[in-house]
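Reader: I have a model open and want to learn how to read it. Can we go through it feature by feature?

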Amino acid sequence: MTDPNPKKNNAEPTEEASLKVPAKDPKKKKDEKKDEDLSDEDLALKQQLELYVVRVQDPSPGLQKMALESMRQEIRTSTSSMTSVPKPLKFLRPHYGTLKTYFATMEDSELKKYLADILSVLALTMSAEGERESLKYRLLGSEGDIGSWGHEYVRNLAGEISQEYATRQIEDAKIEDLMGLVQQIVAFHMKHNAEPEAADLLMEVEDLDLLVEHVDGANYKRTCMYLVSLASYLPGPDDLLVLEIAYVIYLKFDEYPLSLRIAIGLDNLQYVKDMFKSCNDIQRKKQFCYILARHGVHFVLEEEMISDDDERESCQEILNNMKLSEGYLNLARDIEVMEPKSPEDIYKAHLIDGRASAGASVDSARQNLAATFVNAFVNAGFGQDKLMTVPSDASSGGTTGGWLYKNKEHGKASAAASLGMILLWDVDNGLSQLDKYFHSNDNHVIAGALLGVGIVNCSIKHDCDPAMALLSDYINKEDSTVRIGAIMGLGLAYAGTQNEQIYKQLSPILGDSNAPLDVIAFTAISLGLVFVGSCHADVAQSIILALMDRNEAELGEPLTRLLPLGLGLLYLGKQENVEATAEVSKTFHEKIKKYCDMTLLSCAYAGTGNVLKVQHLLGECSQHLEKGETHQGPAVLGIAMVAMAEELGLDMTIRSLEHMLQYGEQNIRRAVPLALGLLCISNPKVNVMDTLSRLSHDTDSEVAMAATISLGLIGAGTNNARIASMLRNLSSYYYKEASLLFCVRIAQGLVHMGKGLLTLAPHHSERFLLSPTALAGLIVLLHTCLDMKSLILGKYHYVLYFLALAMKPRMLMTVDENQKPLSVPVRVGQAVDVVGQAGRPKTITGFQTHSTPVLLAAGDRAELATDKYVPLSPILEGFVVLRENPDYQEDN
């Protein structure tokens with residue numbers, strides 16, 4: 001910290017220097033007055049110091065030494081109060097110039113170094129801006145302990161070092177002398193709980209590795225917290241470097257779960273493997289598996305990671321998410337929401353005025369299709385509902401197909417697939433219930449069943465690999481609906497697994513000139529999902545060739561735009577790795593070139609918070625277009641994708657999007673609601689809710705539809721009462737407009753998704769990790785929403801099932817060492833950001849105490865309310881293994 005008001009300080013000495021003028025001068029009186037104002041003590045001190053200044057210039061070394069010693073003593077004892085400039089410094093100000101001049105004439109000796117130390121401290125309040133005199137004299141002075149001069153001095157030095165370092169880097173000068181000082185300052189800061197300042201200084205002098213040797217058991221947590229939260233504000237590659245250092249520090253202190261989090265954040269599977277090898281505690285390894293499973297990492301445990309076969313098998317089972325369904329149903333039983341809900345329970349038509357319910361009695365296919373989706377979302381993962389899984393002897397006319405056949409043609413596909421959604425994550429049960437549809441002679445039903453198989457297997461890896469066995473036979477059938485069902489099913493079942501077998505099966509379709517466009521588009525998306533974020537060159541090549549083969553008429557089709565999206569997913573979050581592919585995309589046809597460029601850029605920087613990319617995308621959105629180009633839609637979504645990484649950027653983006661609504665073209669206004677939906681997914685912020693509510697009554701029906709779907713997305717799985725009532729009002733407002741009413745219904749289904757137990761938020765682990773498969777599912781849906789009329793309201797409404805990739809229980813489930821549920825009291829409250837705060841601040845506020853399992857809303861954090869157990873992961877989310885605390889004593 002330099003002095004807050006340097007100008008004033010610099011002005012004073014000149015004023016005081018000009019006071020020593022002939023006696024006639026009126027200023028002289030002022031000076032006398034000044035002396036009179038001082039108390040006796042201060043006056044004595046002032047004269048004492050002036051005497052020292054004279055003595056320092058005395059020829060006798062003995063006197064000089066005494067004077068310097070005494071001066072030093074005075075300064076040191078007074079630096080305690082930091083509210084004002086310490087008195088000795090204030091009185092020595094007029095003599096700073098004198099001492100400087102005398103210093104220049106001295107011979108090199110111990111005394112000269114002594115004086116240099118004192119000048120260095122005086123320079124703290126005296127030196128002109130940018131002179132860096134404090135540092136200059138420090139380097140000339142003795143090697144003594146800097147801490148003894150007080151914190152303010154050390155902080156000022158640190159500031160000057162970083163400026164000096166930058167100057168020397170430009171001039172290529174030596175920096176060894178600076179680094180010696182840096183060592184001292186860092187050691188001082190780390191001892192005195194100023195870890196952020198130590199880290200900042202080391203960042204400035206580009207030597208963060210020094211931090212590792214200075215951390216100890218008392219401060220490593222605070223240091224790493226600061227580093228991790230810093231990473232989201234640093235430009236690359238600094239952000240990764242900071243995380244690497246945090247990883248090393250956590251490992252040094254055996255904080256395995258926290259270092260695992262960082263290893264996943266760095267997307268470094270080698271680190272993950274090393275941790276499995278270096279940790280000897282099998283329960284901890286199970287906890288690792290739960291964290292990896294939540295993130296959706298495809299990972300096979302090897303023998304050297306876990307030597308015992310049975311243990312390895314049970315860990316692999318956790319990793320494959322086989323416990324997810326059981327845990328979710330446990331939560332549902334605990335909260336008592338097992339009772340299936342029908343779409344009517346969600347619509348609550350009785351709460352609306354008369355006119356809407358009158359119009360709704362028409363039993364149209366569109367209404368039934370909406371009910372199919374609402375039913376699927378609301379009962380997702382519960383395994384029972386009132387439409388699809390009703391037992392056959394019920395009053396539905398003796399067939400389970402009762403509801404299925406209330407849907408027309410392609411509606412049947414979504415209806416059959418909805419069974420997969422209801423049985424989400426329950427593979428064995430799901431496959432046996434879907435089996436009956438495979439014997440149907442209606443291609444739409446078969447297509448739906450294939451898609452259902454994919455949905456059931458979504459984010460689960462089953463030992464027998466049933467999805468591959470069932471779906472691969474249908475990929476090359478005649479009927480394109482069946483093919484799409486199988487291809488999309490594979491994409492959902494194997495998302496993120498980078499399964500080469502799927503590439504072998506699907507890539508020929510991309511090159512097949514006879515394949516219909518929709519089949520090719522869904523193939524590209526499925527490949528993008530399976531190889532999400534892998535930068536797989538062969539897959540990229542296949543999709544690029546498929547794009548180049550399209551003729552001009554096809555390039556105008558909305559479906560063609562899914563090809564660049566599939567390509568973009570390969571580079572999701574991989575930043576500059578996309579550049580080669582982006583260069584190739586510049587050679588594409590005019591119609592798709594710009595669209596492809598925006599999509600690739602936004603996917604590659606998704607979740608990185610890269611400010612420059614946000615500015616670039618904003619620039620693209622500010623242009624006024626004549627020829628009806630479509631690339632601004634993905635650019636707007638891209639802004640949200642890049643900026644969703646951290647809270648500050650997110651709030652700024654919401655403000656920028658507000659401006660776009662006022663000044664943007666129509667095609668930008670259509671994309672803004674979707675971007676808002678992505679930024680606040682499953683996190684209904686009031687200001688965004690109001691904006692979307694306003695837009696849902698927009699005169700442009702495309703904007704209104706996008707806003708309605710986004711209301712569903714921001715409230716997804718929250719049962720938010722305010723959004724629910726907005727949607728009910730909308731359903732009566734649009735009771736005559738089938739397509740808008742359809743969107744309202746879908747949104748109602750989303751808000752009550754999983755009866756309020758699920759979330760679509762791709763971030764987890766206290767918003768630090770971003771699950772690539774979850775984000776990919778959301779991006780695909782939002783891109784299809786850019787052209788609702790032809791995709792979601794056309795015959796491709798089953799793209800809504802891509803949301804299955806992002807659906808996760810928003811729970812905290814505590815289990816004992818045998819993986820059985822264990823109910824313990826926890827406090828759940830609003831998370832507080834405690835990075836860099838002094839002492840041990842509370843991490844949550846406004847908490848309530850519940851017994852696990854509990855639901856966590858967006859921005860909530862939980863902590864154990866008992867000392868009886870020790871959690872094996874410090875971040876209480878998802879499944880957490882508890883171990884009995886050996887030091888616990890019952891209170892009598």
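Reader: How many salt bridges does the count come to?

Author: First, the ground rules. This is a predicted model, so local features need pLDDT of at least 70, side-chain atom pairs count only at pLDDT 80 or more, and totals for chains, interfaces and linings use all residues. Residues are numbered from 1 along each chain as its sequence is written, and side-chain values use heavy atoms, with hydrogens and water left out. A salt bridge is a side-chain nitrogen of Lys or Arg within 4 Å of a carboxyl oxygen of Asp or Glu. By this rule the count is 29.

Reader: Which residue forms a salt bridge with Glu164?

Author: Arg168 does; the closest N and O atoms are 2.9 Å apart. Both residues sit in helix α9 (residues 151–171). They are four residues apart, about one turn of the helix. Helices here are DSSP runs of H or I with at least four residues, strands are runs of E with at least two, and both are numbered from the N terminus.

Reader: Are Glu164 and Arg168 buried or exposed?

Author: Start with the scale. Buried means under 20% relative accessible area, exposed means over 50%, and partly exposed is in between, using a 1.4 Å probe and protein chains only. Glu164 is buried, and Arg168 is buried too. The pair also belongs to a network: salt bridges link Arg132, Glu164, Arg168 and Asp177.

Reader: What is the N to O distance between Lys593 and Glu590?

Author: It is 3.1 Å, and the two side chains meet in a salt bridge. These residues lie three apart in helix α34 (residues 590–604), so about one helical turn separates them. Lys593 counts as partly exposed because its relative accessible area is 25%. Glu590 is at 59%, so Glu590 counts as exposed. Another pair is Lys586 with Glu583, at 3.4 Å between the closest N and O atoms. Lys586 is partly exposed, at 44% relative accessibility.

Reader: What volume does the largest cavity have, and which residues lie nearest its centre?

Author: The volume is about 140 Å³. Its lining has 14 residues; Gly296, Ser459, Lys461, Ala495 and Thr773 lie nearest the centre. By class, the lining has seven nonpolar, five polar and two charged residues. Nonpolar covers Ala, Val, Leu, Ile, Met, Phe, Trp, Tyr, Cys and Pro; charged covers Asp, Glu, Lys and Arg; the others, Gly among them, are polar.

Reader: Where is Thr773, and what does Thr773 touch?

Author: Thr773 is in helix α43 (residues 772–785). Thr773 counts as buried because its relative accessibility is 8%. Contact means heavy atoms within 4.5 Å. Not counting residues up to four places away in sequence, Thr773 touches His295, Ala495, Gly496, Val532 and Leu805.

Reader: Which residues line the second largest cavity?

Author: Tyr290, Lys323, Glu326, Gly327, Asn330, Met813, Val815, Gln819, Pro821 and Phe879 do. The largest share, three residues, comes from α19. This cavity holds about 70 Å³ of space. Domain bounds come from an automatic or database domain assignment. The lining draws at least three residues from each of domain 3 (321–340 + 378–389 + 400–494) and domain 5 (811–884).

Reader: Last, the whole chain. How many helices and strands are there?

Author: The protein chain has 43 helices and eleven strands. Its C-alpha trace spans about 115 × 75 × 55 Å along its principal axes. Of the 892 residues, 56% are buried.

Note on methods:
1 Å grid on protein atoms, 1.4 Å probe; cavity = no way out; pocket = protein on both sides within 12 Å on 5 of 7 lines; lining within 4 Å. Points joined across faces, edges and corners; volume = space filled by probe spheres on them.
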